[in-house]
Amino acid sequence: MSATRKIVVLGTGGTIAGVGNAQDAGVGYQAGQIAVAQLLQPVLHSGALGDVGFEMEQVAQLDSKDMDAATWQQLAAACQQWLGREDVSAVVITHGTDTLEETAWFLQSVLQPAKPVVMTCAMRPATALSADGPANLRDAAVAASQATPGVWVVAAGAMHSAKWVRKVHPYRVDAFSSDAHGALAWVEERRLRWAYQPLQPATRPGKPLLQAVLSVPPSKWPWVEIVYSTAAARAAAVDALAAAGVEGLVVATTGNGSIHKDMLPALQRAGGLGIPIWRVTRCEQGQIVLADHAVDAAVSELSACKARISLMLKLLERAHQ
């Protein structure tokens, strides 16, 4: 990479910027306390990226459990601005782990970037004796300098796609997985080793979805909720959401798309009101398999939280047309 090409690091808070009272504490800390410029200092001093230039922007400073649409809008706008600069080759985003997979899929869906956008995080606060943030941030910068276009997640030495990555453990430093799809690549000694090259989604001319995201106030984005089909499920929750004005529902079904008999009538009532209803499996791996290769637009291969984002964005784009 030429010395004139820059990587931009956007900070949003999270555990990677967290501060605790004791060096040996991996819990009981306050997230989002350290500025991104300070987080980047160990990477700059290490010389891991050679003569690559960096710029930084603090987009937000929050615990990612509290991620909201307004911050998503600000982050999408910041990415669009920086990625549009010719001297910027990639963007790195520091983020909390709790909702990282949702933000990653949101940005991939909205931006469909022509340059790498690499998200990273930490499971231990910056003040911990064995903080994982500095190494993750270094690896994210390495990946950003060598990855193909798209939104990626780098943590614990592995790089995952925004589509499949999930947080699968509440405490371990290797808390992320892409389930059966596996990691796309690994960062090893300042090099990105690909397991396989991912297929890149097509970019839509004009990016009308991005225009909608940036122009519509977050308070007016469509309201989409997730409901789970479980043993002893009841219809009341679905009926209550429909009565309250929910604009879309994602059903996390049992097994291969099955829904409890007591919940099904409520979903049919909601559908009769014009509320779109998507179905995903609540199983950790795999997706709903339809009989005889049938096609059902209401069935999604995504996780429930990512399907919720996709349905919300679809409704937002449709309303903005």
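**Start with the charges**

Select Lys and Arg as positive and Asp and Glu as negative, leaving out His and the chain ends. The mean positions of the protein's 26 positive and 27 negative charges lie 3 Å apart, with each charge placed at NZ of Lys, CZ of Arg, CG of Asp or CD of Glu.

A word on ground rules: this is a predicted model, where local features need pLDDT of at least 70, side-chain atom pairs count only at pLDDT 80 or more, and totals for chains, interfaces and linings use all residues. Residues are numbered from 1 along each chain as its sequence is written, and side-chain values use heavy atoms, without hydrogens and water.

**Zoom out**

Now show the C-alpha atoms: they fill a box of roughly 60 × 45 × 40 Å along the principal axes. Switch to cartoon and you have 8 helices and 13 strands to look through (DSSP runs, with helices being H or I of at least four residues and strands E of at least two, numbered from the N terminus). Of the 321 residues, 50% count as buried, meaning under 20% relative accessible area with a 1.4 Å probe, protein chains only.

**Zoom in on Q73**

Next, select residues 69–83, which is helix α2, and pick out Q73 there. Is Q73 buried or exposed? Q73 counts as buried, because its relative accessibility is 17%. To see its surroundings beyond neighbours within four places in sequence, select V213, L214, S215, V216, P218 and W221, which are in contact with Q73 (heavy atoms within 4.5 Å).
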